[in-house]
Amino acid sequence: MEKVNWYSLEMQEVSSKLNTDLEKGISSELAKERLKTYGYNELTGKSGPTIWQMLLSQFQDFLVLILIGASLVSALIGEVTDSLVIILIVILNAVLGVVQEFRANKALEALKKMAAPEAKVIRDGKITEIPARELVPGDLVILEAGNYVPADLRLVESVNLKIEEASLTGESVPVEKNAEIVFNEDVPLGDRSNSAFMSTVVTYGRGKGIVVGTGMNTEIGLIAEMLESYEEESTPLQKKLAELGKILGIASLAICGVVFLLGLIRGVPVLEMFMTAVSLAVAAIPEGLPAIVTIVLALGMQRMVKRHSIIKKLHAVETLGSTTVICSDKTGTLTQNEMTARKIFVNGKFYSISGEGYRPEGEFTLDGEKVDPLADPDLKMLFTIGALCNDAKLEESGTDGDKTCRIIGDPTEGCLVVGAAKASICLEELNKTKPRLQEIPFDSERKRMTTFHPHKDGYIACIKGAPDVMLNLSNRILKDGQILNLTDDDRKQILEANHSMASQALRVLAFAFKLENEIPKDPKPEEVEKDMIFVGLVGMIDPARPEAKEAIQICKDAGIRPVMITGDYKDTAEAIARDLGMMDEDSKVVTGAELDAMSDEELVSIADEVSVYARVSPIHKLRIVEAIKQNNHIVAMTGDGVNDAPALKKADIGIAMGITGTDVAKETAEMILTDDNFASIVAAVEEGRVIYSNIRKFIFFLLSCNIAEILIIFVAMLVGLPIPLKPIQLLWLNLLTDAFPALALGMEAKEPDIMKKPPRNPDEPIMDSRMKVQIAVQSIFMTVAVLGVFVFALNRTSNLQVAQTYAFATLIFSELLRAYTSRSETLSVFKLGIFSNKYMLGGTLISFLLLLVVIYVPALREIFDTVKLSIYDWE
């Protein structure tokens, strides 16, 4: 694209140059053509490792280098066959490692793409969400608070728009934007108030802009600043395993040294003892553990996607299994996020509305009698305010018999649009006669929103917000179409009506207006939102998700405490929490006002007893997380807004909403819920526990096998027996035969009681005392079995090669059986089902076939020093 100073052009010129309709955007066909021309909207960064780089990295392990050295020594002294076999085994092991690493990288890459931000655009005249990477020059992008700016834009609309450009200019204070300004000369980047730039964050207001630069043709692309959303880091578990590997390595090398000296004392040839010591070192150290852990974690993350959870960082999988408290938003997570207006209070009267979901069909009744809402001026004014002071849109498709209705925007606002439609208020006509001229957007601190519209000979400010706040800011009331002073009795009646609706688990909003002679150019809340005329209340219900109740019970059984954090009223929040089973007799409900009055120490002291935090703002979330963490809990916290980011970051697991969440929340979180459902959090916790449990299982398996291999050689040397296993056999066994069952253990299905156990202490060692005892017992049993068979064969045949083949086959059989018994630390393989893990069946079958290959293929028999076993031998 030619270099153009878009900030110096009128928006109509920009529109003309890029063939963009300022109402309808560009067509899908043009977007496809431009995508081919300009490519994807993404920054070019360093690519991942190539296949060859991954292959080379496999040869950088210390033990692999020892093996290569041993191979060279063998070749120099004439043992060419041994040398070639060692190199071949090392190459096979490397190829297997590359395949596994490639799979893990692909899995993580797929997850990265799924977690990438989306952009809201207007194409073909319709608002749609697309992956930000598919944006093209000319696209008309909608910006809202909390969005990342997905490309470089020339703004064509700005309403109180502020953008934080620290990632680009270093300026931490959000910049006010104005689409109307045109610059006639070169302007520094930070002063281009009619433009928005890729990677910056909308902090306030809303706007629209035409894409003028994508990918590397953006300002951030030009300065080659690469934004990495994924950090490559070792997880705590991987660090623990690396530490464990070092300890085992030092211990086993010491044992290998002792074995080597014992062999020399007994007169065993130096080369044979050197090869045996090297083989033992390889057998003793589970050098494949970190790789297998990474693979199991990555594949587990893929499984989580199927359960509606995208995990962005590997360490989050581990932490999930340790979670003791889940702090969840109410709306949309514990509830269905389909608001429906149920009750209306105006002029001392309660009206009821029928209908379900977002279909604009329903009746208004007063004391059971059907009424015409347009005949009541107060009711009509309430829904007029509700429809005008609103950013949601009702979309209908299909025929009358099969009509589909959906809301674009906030569900709470959506239900007001639907309510107005039920009241026969023509939304299209209303927006034409009373277009929005100015606004003060909603924010969680003020808890209200104001819009300005033409009205008769002047203007009307339509205001909606929290009842308590709205009532405090009003001094008049609308009754039968007349504006009267708001009395103490009126206030009492309104508060009682609010309490009555809230106690029925209804979310309540209040509506008011002000008549103005002129609209302020830069409206200030403190100047406009006072001395208002109160109109009435609307009570809405957002039904609890049916699956949430079951998920909460699963949480409790698993020793996890669910906590509700909501901006809703105390009565509403408590009613829903009790319905879901989140509260018991001793549970407390704390409000935002009560939190403000508490010191941090007081909050910490009661945090373990609180099940519901009501009327809280995002700033309270951070205090709540800190208090719960100080009581030694592992906390998962949900969030969707810009202001939730600090709490998400502070929590052990930050969980962003995939549907309603802002880009900032998704970027900060370790986990994204694709369906905004509490049950999916519980499913992710379960998956986290399964993954950790499986990692323990293959550690259990590998260590018991490796220690058995050391004991077999060590004990044989101590008691004066010949060496039961050839070095080449140990290498084959450890590098290839063990790998398949170990991976299969990483794919084991969940155990029936996985969510009946208390959360794992994150500080507990991978190998607890119980596992250490079991490893010792299993290793001793395998050692006794192999040495027993070896001695039996030696006495029976007096042939060392036959006895070693017996020992080799016995050890492999023992390890394959050990793999089956490692499938659970508490349940027998018969309870689990022998054939229930298809990966184990496949893995053990491959390992068994590898055994048969080295025993029955003549060329391999010579290499591995085995003999052909008859059916009689197997008996």
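K177 and E165 form a salt bridge, their closest N and O atoms being 2.6 Å apart. A salt bridge here is a side-chain nitrogen of Lys or Arg within 4 Å of a carboxyl oxygen of Asp or Glu. K177 lies in the loop between β5 (175-176) and β6 (195-196), and E165 in the loop between β4 and α6 (166-169), so the pair ties together parts that are twelve residues apart in sequence. Both K177 and E165 are buried; buried means under 20% relative accessible area, exposed means over 50%, and partly exposed is in between (1.4 Å probe, protein chains only).

The structure is a predicted model, in which local features need pLDDT of at least 70 and side-chain atom pairs count only at pLDDT 80 or more, while totals for chains, interfaces and linings use all residues. Residues are numbered from 1 along each chain as its sequence is written, and side-chain values use heavy atoms, with hydrogens and water left out.

The protein chain contains 33 helices and 28 strands. These are DSSP runs numbered from the N terminus: helices are H or I with at least four residues, and strands are E with at least two. Of the 875 residues in the chain, 53% are buried. Among contacts (heavy atoms within 4.5 Å) with a separation of 6 or more, 70% are between residues 24 or more positions apart. The accessible surface of the chain, from the Shrake-Rupley method with a 1.4 Å probe and, for residues, only the protein chains shown as cover, comes to about 38,300 Å², and carbon and sulfur atoms account for 55% of that surface.

The salt bridges number 36. One of them joins K208 to E157, with the closest N and O atoms 3.9 Å apart. This pair links distant parts of the chain, since K208 is in strand β7 (residues 201-213) and E157 is in strand β4 (residues 152-164), 51 residues apart. K208 is buried because its relative accessible area is 18%, whereas E157, at 27%, counts as partly exposed.

A further salt bridge connects K726 with D865, again with a closest N to O distance of 3.9 Å. K726 sits in the loop between α25 and α26 (727-737) and D865 in the loop between α32 (858-864) and α33 (871-874), so parts that are 139 residues apart in sequence are tied together. D865 is partly exposed, with a relative accessible area of 25%. Shared partners join the salt bridges of E157, R206, K208, D391, R436 and E439 into one network.

The nonpolar interior comes next. A nonpolar core is a set of buried Ala, Val, Leu, Ile, Met, Phe, Trp, Tyr and Cys residues joined through side-chain atoms within 4.5 Å. The largest core has 135 residues, and L537, F678 and F698 have the most contacts inside it. Helix α25 (residues 678-718) supplies the largest share of this core, 22 residues. Apart from that core lies another of 32 residues, including A341, L382, I460 and L509.

T783 belongs to helix α28 (residues 769-797). With 6% relative accessibility, T783 counts as buried. Not counting residues up to four places away in sequence, T783 touches A708, L711 and I712.

V95 lies in helix α5 (residues 80-114) and, at 41% relative accessibility, counts as partly exposed.
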